[in-house]
Amino acid sequence: MKLADVVRRWYDGAEELWEVVIQLFTTKKYQFALFFLHLTLEKILKGLYLNKFSEPSSYTHDLKKLTVAIGVSLSEKELQELEEISSFNVSARYEEYKSMIYKKATREYTMKWIKIGEKYKKRFLEEVKKYE
């Protein structure tokens, strides 16, 4: 399989997951919507890394680390937002953290983070265009 095909699969997977985010939000599964929000951004960043460096990124779910490794310029506030979004990954995967995210994941909180995540989704996809 060609590198371009593998990269495209990362981006296509991210688009599919974004639809899942919206579906989960609509059905009030807020903690899972946040998890898939994180996964959407992670897939875009891993595809971007692969496209830029022609090799897979290190094994990480940390959006801040991936963004820095790729060389996307972000403010301190933006890096903090990515850290918060990365926490959704851990919170949804491990039982000891699930109750914490469940309590935080109100409709308003989730909507706020989906809007923030959508901003990064668009921004990262703009970065993708530099390598196409």
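In the predicted model, the face of helix α3 turned away from its buried side carries the exposed residues Lys65 and Val68. The buried residues of α3 are Leu63, Leu66, Thr67 and Ile70. These four lie on the same side of α3, because the arc they cover around the axis is only 95 degrees.

The partner considered for α3, which spans residues 63-70, is helix α2, formed by residues 30-53. The two helices pack at an angle of about 25 degrees, and their axes are 10 Å apart. Since angles under 35 degrees count as roughly parallel, α2 and α3 are therefore described as roughly parallel to each other. Their crossing is left-handed. On the α2 side, the contact is made by His38, Leu41, Glu42, Leu45, Lys46, Leu48, Tyr49, Lys52 and Phe53. Helix α3 contributes Leu63, Leu66, Thr67, Ala69 and Ile70. Classified by residue type, this contact has 9 nonpolar, 2 polar and 3 charged residues.

Helix α2 also packs with helix α6 (residues 107-129), at an angle of about 10 degrees and with the axes 10 Å apart. This angle makes α2 roughly parallel to α6. Among the residues of α2 that make the contact are Tyr30, Leu34, Leu41, Leu45 and Leu48; those of α6 include Tyr109, Trp113, Tyr120 and Phe124. By class, the residues of the contact of α2 with α6 divide into 15 nonpolar, 3 polar and 3 charged.

A further packing arrangement involves helix α1 (residues 3-26) and α2, whose axes are 8 Å apart and meet at an angle of about 165 degrees. Because angles over 145 degrees count as roughly antiparallel, α1 and α2 are assigned to that class. The crossing of α1 and α2 is left-handed. In this contact, 21 residues are nonpolar, 4 are polar and 2 are charged.

Two individual residues illustrate the surroundings of buried side chains. Tyr109 is located in helix α6 and counts as buried, at 16% relative accessibility. When residues up to four places away in sequence are not counted, Tyr109 touches Leu34, Glu84, Phe88 and Lys104. Tyr109 and Leu17 are 92 residues apart in sequence, and their C-alpha atoms are 19 Å apart in space. The second example, Glu81, lies in helix α4, which comprises residues 76-93. Glu81 has a relative accessible area of 9% and is therefore buried, as the limit for that class is under 20%. With residues up to four places away in sequence again not counted, Glu81 touches Trp113, Ile116, Lys119 and Tyr120.

The backbone in two loops was also examined. Most residues other than glycine have a negative phi. Lys28, however, has a positive phi, near 65 degrees. Lys28 is found in the loop between α1 and α2 and is exposed, with a relative accessible area of 61%. Ser54 likewise has a positive phi, of about 60 degrees, although it is not a glycine. Ser54 is placed in the loop between α2 and α3.

How values were computed: Residues are numbered from 1 along each chain as its sequence is written. This is a predicted model: local features need pLDDT of at least 70, side-chain atom pairs count only at pLDDT 80 or more; totals for chains, interfaces and linings use all residues. Side-chain values use heavy atoms; hydrogens and water are left out. Axes are lines fitted to C-alpha atoms, for helices over the stretch in contact, and angles run from 0 to 180 degrees between N-to-C directions. Angles under 35 degrees count as roughly parallel, over 145 as roughly antiparallel, 65 to 115 as roughly perpendicular and the rest as oblique. A crossing is left-handed if the near helix is turned anticlockwise from the far one by less than a right angle, and right-handed if clockwise. Contact means heavy atoms within 4.5 Å. Ala, Val, Leu, Ile, Met, Phe, Trp, Tyr, Cys and Pro count as nonpolar, Asp, Glu, Lys and Arg as charged, and the others, Gly among them, as polar. Buried means under 20% relative accessible area, exposed over 50%, partly exposed in between (1.4 Å probe, protein chains only). The arc is that of the directions from the helix axis to the C-beta atoms.
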